[in-house]
Amino acid sequence: MICDVPKVAVTTWSSKGVILVGPTYRQYLNKALDAVKNKEVASIIGQPGMGKTTILKKVEESVYSFSITPFYLDLASKGEIEDEFWSKVSGDKIRSFVYPLLERDKKKYGYSFFKKLFGVSFRSYLDSLCGKMISDDDKLLRLYCLKYSRDFDGMLKFIEDFKSFDNIAILIDEVRETHITKIHRLINSGLNVSILIAIPTDSYSRINDLAIRRRLDESRISLDSLTSEDIKEIVEAYCKPLSEELFPIVLSLWKGRELNTVSSILQFVRSEVEKASKECGDSIHCLKEKIRTSYSLSNVEEDSKNLEKLIRDSLSSLSKEFNISYVHPRGKRIEVKGKSFVVGLFFISDNEAYIGLVKLYNNEVKAEDEDVKLLSYVSTVEHEKKEYSVRYRFIVTNSSSLEVPSTVNKLEFSTMEVVRVLQGDNEILEEKVRGFLKSITSQQGKSELAIT
């Protein structure tokens with residue numbers, strides 16, 4: 001595949017070479033690292049798929065350069081924090097760390113020249129000591145022998161011993177409200193070690209203990225939103241060859257809330273590239289063109305007429321809810337200022353007329369449009385031998401640069417939204433039309449109506 005997007009676009013505790021890009025995430029990472037270096041308690045709070053685990057994994061990779069040993073705990077589907085902790089403690093690694101410290105003071109542990117002379121290695125001698133009673137003051141030997149109960153209190157004792165010889169950080173992922181009581185005990189244990197936890201927003205919202213919330217909020221990192229620069233860097237990091245084509249599409253979907261997490265962005269990118277690759281193979285030129293045209297308008301005049309029809313259908317379906325007595329089934333020709341033009345949308349509510357145009361564009365447009373100017377002059381509409389005064393004039397467009405007179409209101413779709421509606425996304429269409437009608441209802445008597 002031409003783009004390096006993982007099939008599972010979510011970071012897990014076992015992920016290697018984690019990619020973290022974007023100015024917002026670099027800021028989050030630096031804040032998390034500062035908390036770890038300063039032995040603080042910090043929390044990363046955000047929706048699933050927003051990058052909590054990615055930040056934790058990057059912290060885990062980075063703290064070794066600060067001579068800090070991280071303990072990474074993943075509590076997903078785990079009932080107790082101590083069970084996950086002890087599953088991550090490697091006896092071999094602990095002994096490798098502790099052995100050189102013990103070796104410096106062999107005589108203290110009773111290892112004599114004669115034992116060495118008779119072929120008893122110091123390591124074998126230490127192993128024999130593990131079967132005997134160990135003094136409460138002998139932290140090194142207790143670590144070497146891992147003489148701890150495999151429960152929460154044993155975990156606290158181990159951390160207390162280990163931090164006497166090394167700087168450590170406890171990184172806890174996928175914290176749920178069921179873990180909070182013991183997390184609070186860990187925080188209040190007086191161990192003076194850095195503790196960085198990642199907790200989903202919904203779990204955080206269910207924490208009722210104000211004392212715990214205060215501790216979690218002391219150095220809180222909230223993964224609430226991304227900037228356009230973040231999204232651009234994410235797309236470039238995973239799909240550089242096609243980033244120019246994909247970025248505006250992803251950004252539009254993000255602004256429309258159809259994509260709302262980093263993982264959803266990556267899943268979308270992978271899906272689009274795979275779909276285009278079925279026709280294009282590895283041809284970059286073909287892939288670029290396929291992606292670009294799949295989210296652009298092929299024929300603006302035809303697309304405008306199709307969107308008109310869909311809006312009329314939506315107006316009809318919402319007519320009872322918004323007291324619409326009539327929706328014209330086609331464009332209506334109107335004469336004004338000695339000129340004739342077709343109004344694509346015309347409906348009646350409370351014996352008043354609402355008229356509108358649909359004007360779609362593929363590229364930058366001229367600032368003014370003749371039909372829009374004519375629309376602004378229409379004050380009455382004749383229908384079945386009856387004159388209706390015009391209450392609202394509006395234009396439906398995907399152009400933010402098109403200027404409209406003050407008497408004409410703008411209902412703006414993004415090009416992406418238009419394409420999705422034309423492809424059959426009725427949810428976007430209904431949301432737009434419903435929002436438009438609600439605005440009309442709530443702004444009765446106002447001369448201007450702006451919908452974005």
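How many residues of helix α2 (residues 52-62) are buried? Of its 11 residues, 9 are buried, and the helix is thus mostly covered. The views below come from a predicted model, in which local features need pLDDT of at least 70 and side-chain atom pairs count only at pLDDT 80 or more, while totals for chains, interfaces and linings use all residues. Residues are numbered from 1 along each chain as its sequence is written, and side-chain values use heavy atoms, with hydrogens and water left out.

**View 1. Helix α2 and the elements that surround its buried residues.** The buried residues of α2 are Lys52, Thr53, Thr54, Ile55, Leu56, Lys57, Lys58, Val59 and Glu60. Buried denotes under 20% relative accessible area, exposed over 50%, and partly exposed the range in between (1.4 Å probe, protein chains only). Helices (H or I, at least four residues) and strands (E, at least two) are DSSP runs, numbered from the N terminus. The buried α2 residues pack against α1 (23-37) and against the strands β1 (41-46), β2 (68-74), β3 (167-173), β4 (194-200) and β5 (220-223); contact here means heavy atoms within 4.5 Å. One of these buried residues, Lys57, places its charged end over the ring of Tyr72, 4.8 Å from the ring centre.

**View 2. The aromatic pair Tyr148 and Phe158.** The structure holds 21 aromatic pairs. Rings of Phe, Tyr and Trp (its six-membered ring) pair if their centres lie within 6.5 Å; planes under 30 degrees apart count as stacked, over 60 as edge-to-face and the rest as tilted. The ring centres of Tyr148 and Phe158 are 5.4 Å apart and the planes stand at 80°, so this pair is edge-to-face. Because Tyr148 lies in the loop between α7 (139-145) and α8 (152-162) and Phe158 in helix α8, the pair ties together parts that are 10 residues apart in sequence. Tyr148 is buried at 8% relative accessibility, and Phe158 is buried at 1%. Both residues belong to a cluster linked by ring pairs, together with Phe71, Phe85, Trp86, Phe97 and Phe162.

**View 3. A nonpolar surface patch and a lysine over a ring.** Phe113, Phe114, Leu117, Phe118 and Val120 form a nonpolar patch on the surface, with about 600 Å² of accessible area together. Patches are made of residues with over 30% relative accessible area and no salt bridge; like charges are joined within 9 Å and nonpolar side chains (Val, Leu, Ile, Met, Phe, Trp, Tyr) within 5 Å. Accessible areas come from the Shrake-Rupley method with a 1.4 Å probe, and for residues only the protein chains shown count as cover. Phe118 is found in the loop between α5 (113-117) and α6 (122-129) and is exposed, at 67% relative accessibility. Lys106 lies over the face of Phe122, at 5.6 Å from the ring centre. A charge sits over a ring if NZ of Lys or CZ of Arg is within 6 Å of the ring centre and within 35 degrees of the ring normal.

View 4. Glu82 is buried, with a relative accessible area of 9%. Not counting residues up to four places away in sequence, Glu82 touches Asp151, Phe152, Met155 and Lys182.

View 5. A salt bridge is a side-chain nitrogen of Lys or Arg within 4 Å of a carboxyl oxygen of Asp or Glu, and the count comes to 35 salt bridges. Lys359 is buried at 18% relative accessibility and Asp369 at 10%, whereas Asp371 is partly exposed at 24%. Leaving aside neighbours within four places in sequence, Gly356 is in contact with Val343, Gly344, Leu345 and Phe394.
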